[in-house]
Amino acid sequence: MPDIPVRSARPPEHTARVVTLHGELDLLTAPVLRARLDDVTAGPCPDLVLDLRPVSFIDCVGLGVLCRVRNRVRARHGRLRLVTDSTRLARVLQHTGLAGAFEILTGVPGGTDASPVETAGKAMV
């Protein structure tokens, strides 16, 4: 099968990478999380699903990390989706003016590759 040029098309939906974040996204966890997400989004056309349902707290630094990964993904012509069912996070995004900046889902999409689930947060990075 011949190689497909990078610019020709977005990767198929089933190749999305699911990263599940646990614990708190704050000043303490941001540097490690930022570095890990930079690695995940380093290639062309990244398709990333961040599962935020296990996140118990997010501060402005955590929001900054989400904005950074959004900008990296967009610059590489990829796609970022956030999975959350938290009304608290929805309110935070609304009050900070970020509600329309992210594609928000209530569950992990069926076509994603959920096998390489990675964790990040206070206890695990």
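**The largest pocket**

Select Leu 25, Leu 52, Arg 53, Val 55, Ser 56, Phe 57, Ile 58, Thr 84, Ser 86, Arg 88, Leu 89 and Val 92, which line the largest pocket. A pocket is an open set of points, on a 1 Å grid over the protein atoms alone, where a 1.4 Å probe fits, with protein on both sides within 12 Å along at least five of seven lines; lining residues have an atom within 4 Å of a point. The model is predicted: local features need pLDDT of at least 70 and side-chain atom pairs pLDDT 80 or more, while totals for chains, interfaces and linings use all residues. Residues are numbered from 1 along each chain as its sequence is written, and side-chain values use heavy atoms, with hydrogens and water left out.

The volume of this pocket, the space filled by probe spheres set on the points, is about 210 Å³. Its lining comprises seven nonpolar, three polar and two charged residues. Now colour β4 (55-58) and α3 (87-95), each of which supplies at least two lining residues; β4 gives the most, with four. Helices (H or I, at least four residues) and strands (E, at least two) are DSSP runs.

**Strands β1 and β3**

Next, select strand β1 (residues 17-21). Four of its five residues are buried, so β1 is largely enclosed by the rest of the structure. Buried means under 20% relative accessible area, exposed over 50%, and partly exposed in between (1.4 Å probe, protein chains only). Thr 20 has Asp 51 in β3 as its bridge partner.

**Salt bridges**

How many salt bridges are counted? The count is five, a salt bridge being a side-chain nitrogen of Lys or Arg within 4 Å of a carboxyl oxygen of Asp or Glu.

Show the side chains of Asp 47 and Arg 81, which meet in a salt bridge (2.7 Å, N to O). Asp 47 lies in strand β3 and Arg 81 in strand β5, so the pair ties together parts 34 residues apart in sequence. Asp 47 is buried at 7% relative accessible area, and Arg 81 is buried at 2%.

Finally, select Arg 68 and Asp 38, a salt bridge whose closest N and O atoms are 2.7 Å apart. Arg 68 is in helix α2 (residues 60-75) and Asp 38 in helix α1 (residues 30-40). Arg 68 is partly exposed at 35% relative accessibility, whereas Asp 38 is buried at 18%.

Methods:
Nonpolar A, V, L, I, M, F, W, Y, C, P; charged D, E, K, R; others polar. Pairing = 2+ DSSP bridges.
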